[in-house]
Structure formats: structure tokens, C-alpha cells
Amino acid sequence: MDNIILCGFMGCGKSTVGKLIAKKTGSGFVDMDAYIEEKAGMKVSQIFDKLGEDGFRDMEHEACRELSVKKGLVIASGGGAFTFERNTEVFRGKDLIVLLDVPLDVIRYRLRNDKVRPLLQRPDRDRAMSELYEKRLPLYRSAADLSVTGANNPSKTACEVIEAVKKFRQRSGVMD
Ligand code: S3P
């Protein structure tokens, strides 16, 4: 069975919804950031501090390569993972990439108190977030096989993803 990979902007609910999908379908769950943190023995914010964003992106790419050879997992990617073609290429055609599409105002509200995401710790957070969101949305859309709105409650979103994946697999002749 191929993996289901959730992609989308920070705060779109990839980890929360991913865990619920895994629970509802009896699959394993991997949070890509947690996977990177465990391998590195450091938090994402420490990796950014010590090695810079480029260092983190290399680790993220390595994690994509390692996770893509596994099967039957639900994977919550980091918000930047599918903005790099090299990561999309690793999964494309093999695993199912699902975008959790959430409007910017909902994201902004959810992340209003965030103190851990390195890309948001800046005085002009609102402007930076809008620019990043506009730049990234088309990249997520072109990477994803499927898109589901993630603005509802997580359990409902998880059910919608499961349903959309089922239909997609039926259409492509892949059995559960
Ligand atoms: C990032 C998103 C984060 C994490 C890192 C970079 C990004 O993951 O990978 O801080 O570039 O959007 P979440 O989407 O889980 O917050």
C-alpha cells in the first residue's frame, strides 16, 4: 500500500489530521518534523539556529527519501517540504500527496501565539506569512494528487481525506 502524505502550510492541521487518519484506518503515523528531530537529536528550531534553513532543508530531503521507501504510512510533512521539487519528485507517482487547503485568515488565527516555528519568529510576521502563503499555495497545488479543505474540525477533515483517497484509489484501480 502506498503512503498518504499530507502537505500544506504551517498550521493547516497536517499532524493533527494525520494522526486521526492513521487511527481511523489502522495505519502507522509519522510526523516528518518529529522524525527529523529524533535523527538529529535537536528540535527544528535548534537545527535552524545551528545549521541554518539550508541545513534543515537537507535533513528534510533525507527524511523524504527515507520515508518514501516505507509503505502504508500516513505522513505529516513539514510546511516547506513540498515547496521543493526534489522532495515532490521523491513521492510523486508512488505515494498519495494530499493538500490540506486552509484559508490564510484561519491559518493566521491558529498560529497567532506560535513561538516555535523559526520562519514565524519575526516582527513582520503577518506580512511574511501572507507572502509565503501566496508563494507556496501554487506549489502545494501542483505537488498534490488531491486537495481537501482543512478549515473544518480535524475529525471531519480526517474522514473527508479518507473518503477522497478511497475514491482516488478506486478511480486509479488501486485496491485498499
Ligand atoms: C516549515 C514548517 C514546519 C517545519 C519548519 C519549516 C515551513 O512544519 O518543518 O519550521 O517551511 O513551512 P509545520 O508545517 O508542521 O509547522
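**Close-up views of the ligand, its pocket and a cavity**

**View 1. The ligand sits in the largest pocket.** The model shown here, and in each view that follows, is predicted. Around the ligand there is a shell of 13 residues, and the closest of these are Lys14, Asp33, Arg57, Arg117 and Arg136. Sorted by class, this shell around the ligand holds 5 charged residues, 5 nonpolar residues and 3 polar residues. Helix H3, which runs through residues 44-68, is the element that gives the most to the shell, with 3 residues.

**View 2. Oxygen atoms of the ligand and the polar atoms of Lys14, Gly79 and Arg117.** In the side chain of Arg117, an N or O atom is found 2.6 Å from an oxygen atom of the ligand. Lys14 also takes part through its side chain, where a polar atom lies 2.8 Å from an oxygen atom of the ligand, whereas Gly79 places a polar backbone atom 2.8 Å from an oxygen atom of the ligand. On its own the ligand has 390 Å² of accessible area, and the protein covers 94% of that area.

**View 3. The lining of the largest pocket, to which 34 residues belong.** The space in this pocket comes to about 630 Å³. Of the lining residues, Met10, Asp33, Gly78, Gly79 and Arg117 lie nearest the centre of the pocket; Asp33 and Arg117 are also among the residues closest to the ligand. Helix H1 (14-25), helix H2 (32-40) and helix H3 each supply at least two residues of the lining, and H3 gives the most, with 6 residues. Taken by class, the lining of the largest pocket divides into 10 charged, 11 polar and 13 nonpolar residues.

**View 4. The largest cavity, with a volume of about 40 Å³.** Rolling a probe the size of a water molecule over the atoms shows where empty space is left. When the whole structure is searched, 1 cavity of 30 Å³ or more is found. The lining of the largest cavity is made up of Gly8, Phe9, Cys12, Leu99, Leu100, Asp101, Val102, Ile107, Tyr133, Leu137 and Tyr140. Strand E4 (96-101) supplies at least two residues of this lining, and helix H6 (125-143) likewise supplies at least two. By class, the lining of the largest cavity has 9 nonpolar residues, together with 1 polar and 1 charged residue.

Note on methods. Residues are numbered from 1 along each chain as its sequence is written. This is a predicted model: local features need pLDDT of at least 70, side-chain atom pairs count only at pLDDT 80 or more; totals for chains, interfaces and linings use all residues. Side-chain values use heavy atoms; hydrogens and water are left out. A residue is near a molecule or strand if one of its heavy atoms lies within 4 Å of it. A polar contact is a pair of N or O atoms within 3.5 Å; within protein, one must be able to donate a hydrogen and the other to accept it, and residues adjacent in sequence count only if both atoms are side-chain atoms. Accessible areas come from the Shrake-Rupley method with a 1.4 Å probe; for residues, only the protein chains shown count as cover. On a 1 Å grid over the protein atoms alone, a cavity is a set of points where a 1.4 Å probe fits but cannot get out, and a pocket is an open set with protein on both sides within 12 Å along at least five of seven lines; lining residues have an atom within 4 Å of a point. A molecule sits in a cavity or pocket if more than half of its atoms lie within 2 Å of its grid points. Helices (H or I, at least four residues) and strands (E, at least two) are DSSP runs, numbered from the N terminus. Ala, Val, Leu, Ile, Met, Phe, Trp, Tyr, Cys and Pro count as nonpolar, Asp, Glu, Lys and Arg as charged, and the others, Gly among them, as polar. Grid points are joined across faces, edges and corners, and a volume is the space filled by probe spheres set on the points.
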